[in-house]
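This report goes through a protein model by its sheets, helix packing and domains. The sequence and structure come first, then the description.

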Amino acid sequence: MSESKGRVLLAYSGGLDTSCILAWLIEEGYEVYAFMADVGQEEDFEAARVKALKVGAKKFFLEDLKREFVTELIYPAVQANCIYENVYLLGTSLARPVIARGMMAIADREGCDFVSHGCTGKGNDQVRFELAFYGLKPDIKVIAPWRIPAFYHRFAGRQALLAFAAEKNIPVQQTAAKPWSTDENLFHISYEAGILEDPNITPPTDMWKLTTAPEDAPNTPERISIEFKAGLPVKVTAGDKTYTDPVDVFLALNALARKHGIGRIDIVENRFIGVKSRGCYESPAATILRVAHMDIEGLTLDRNVRALRDQFVTVELSKILYNGHWFTPEREFVVSAIPASQRTVNGVVRLKLYKGNVVVEGRFSDEGLYDAKESSMDELGGFEPTDTTGFIQIESIRIKKWAPSDSCM
């Protein structure tokens, strides 16, 4: 028997691609360990374990990373109102840092020489994973099969993968497979490729997995409240039920949003590597939290602080997450500004969930930035209207200078 080329820890999903990669790595002479992260996806982890070992993995590792995912990635993104190209809430990219960190801990403990993944050569995830690997362990070696010519020429399409699976006795569920690929976690699910590569094709109704179609959602709205402390959701109240644990809060909001058809989007986005890509996403709880958090900030956050946060932290952290730059000095710098921006973001938002919509019905806070008497149209409340005359005069100086002398508009 030839000597092993080394030990590889493979990011394993249990699907066709990573199962074939597992078998191919063994064929190439590597000793392969399989790694799965539980980040809240609906998955039969035991079936994946059995399959990985049957294909030939020496060991199988499953790490529950849901809590770290919520507290270390999701919640800072909520506090910063992170969003990519004004639409995408960053569900896939949010999970990559905790998955990579969990994977590198196993690789280090088990003395792995290499790590590997099944990311395609055109996608964002190869960048996110590998930059995270190098940020955590600079001397790690990465095997990326979909960038190795010998691999991608041999497996030019799905039929070649299926033939290889049959040859290696890899169990494959060859039912009427959905003509798209997915990535799921606690925050969202994504759909891309296959028929979705035509941006003018309407996603079939049976594609959407997490959410009820808005037109099929309950005809009776549901009312909830979310309490925020320092910009974090610390309590959700829905009817006679309350949730305070971070994971429970997110699971409860997911269930409510899914029931009411909240969180679907369909976009064409710009990938980090430079190509455009059509993606469909379901981000149920995330959509509710974004609406609620932005609303409570209106009541509790200083105007200039909010503007600076929107212009810098929101934009830069969204870009950092999307591009896979989590384990970088710029991420540390940007994230350090979040607590200061959220110190006063304390209060409760009342919401109505109805047929795909999140409607704010009220909010209250003990923070003192909003003064009802000062804002009232029915009393002065300490505000002197005559003061505004000088304010307008000062503001008009440059505008008067700019105005053309013969202008009558």
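## Hairpin and antiparallel sheet

S6 and S7 are joined in a hairpin through 4 residues. Strands here are DSSP runs (E, at least two residues) and helices are DSSP runs (H or I, at least four residues), numbered from the N terminus. The model is a predicted one, in which local features need pLDDT of at least 70, side-chain atom pairs count only at pLDDT 80 or more, and totals for chains, interfaces and linings use all residues. Residues are numbered from 1 along each chain as its sequence is written, and side-chain values use heavy atoms, with hydrogens and water left out.

The pairing of S6 with S7 is antiparallel and spans 4 bridges; two strands pair if DSSP finds at least two bridges between them. Across this pairing, Asp183 stands opposite Ser190 in S7. Ser190 also has a bridge partner in S12, namely Tyr281. Strand S7 (residues 189-192) and strand S12 (residues 276-282) run antiparallel and are joined by 3 bridges.

These strands belong to an open sheet of 4 strands, ordered S6-S7-S12-S11 with antiparallel pairing. At its edges are strand S6 (181-184) and strand S11 (264-270), each pairing on one side only. On average, neighbouring strands of this sheet are turned by 25° against each other, direction ignored. Such angles come from axes, which are lines fitted to C-alpha atoms (for helices over the stretch in contact); in general the angles run from 0 to 180 degrees between N-to-C directions.

## Parallel sheet

Another open sheet has 5 strands in the order S3-S2-S1-S4-S5, and its pairing is parallel. Its edge strands, which pair on one side only, are strand S3 (59-64) and strand S5 (141-143). Neighbouring strands of this sheet are turned by 25° against each other on average, direction ignored.

Strand S2 (residues 31-38) runs parallel to S3 and is joined to S3 by 6 bridges. Ala34 has Phe60 as its bridge partner in S3. H2 packs on the sheet and touches S2 and S3, with a direction that makes about 155° with that of S3. Contact means heavy atoms within 4.5 Å.

## Helices H1 and H2

Two packed helices are described by the angle between their axes and the distance between the axes. For helix H1 (residues 16-27) and helix H2 (residues 45-55), the axes come within 9 Å and cross at roughly 25°. H1 is therefore roughly parallel to H2. Angles under 35 degrees count as roughly parallel, over 145 as roughly antiparallel, 65 to 115 as roughly perpendicular and the rest as oblique.

Ser19, Leu22, Ala23 and Ile26 of H1 meet Lys51, Ala52 and Val55 of H2. By class, this contact has 5 nonpolar, 1 polar and 1 charged residues. Ala, Val, Leu, Ile, Met, Phe, Trp, Tyr, Cys and Pro count as nonpolar, Asp, Glu, Lys and Arg as charged, and the others, Gly among them, as polar.

## Helix H4 and its two partners

Helix H3 (residues 66-79) packs against H4 at an angle of about 140°, with the axes 10 Å apart. H3 is therefore oblique to H4. H3 passes H4 in a right-handed crossing. On the H3 side, Glu68, Phe69, Glu72, Leu73, Ile74 and Ala77 meet Gly91, Leu94, Ala95, Pro97, Val98 and Arg101 in H4. The residues of this contact divide into 8 nonpolar, 1 polar and 3 charged.

Helix H4 (residues 91-109) also packs with helix H5 (residues 125-136), at an angle of about 40° and with axes 9 Å apart. H4 and H5 are therefore oblique to each other, and their crossing is right-handed. Residues making the contact include Arg96, Ile99 and Met103 of H4 and Arg128, Phe129 and Phe133 of H5. The contact has 8 nonpolar, 2 polar and 4 charged residues.

## Domains

The protein chain is divided into domain 1 (7-174) and domain 2 (182-301 + 344-364); the bounds come from an automatic or database domain assignment. The centres of the two domains, taken over C-alpha atoms, are separated by 26 Å. In the contact between them, 32 residues of domain 1 touch 36 residues of domain 2.

Notes: Left-handed = near helix turned anticlockwise from the far one by under 90°.
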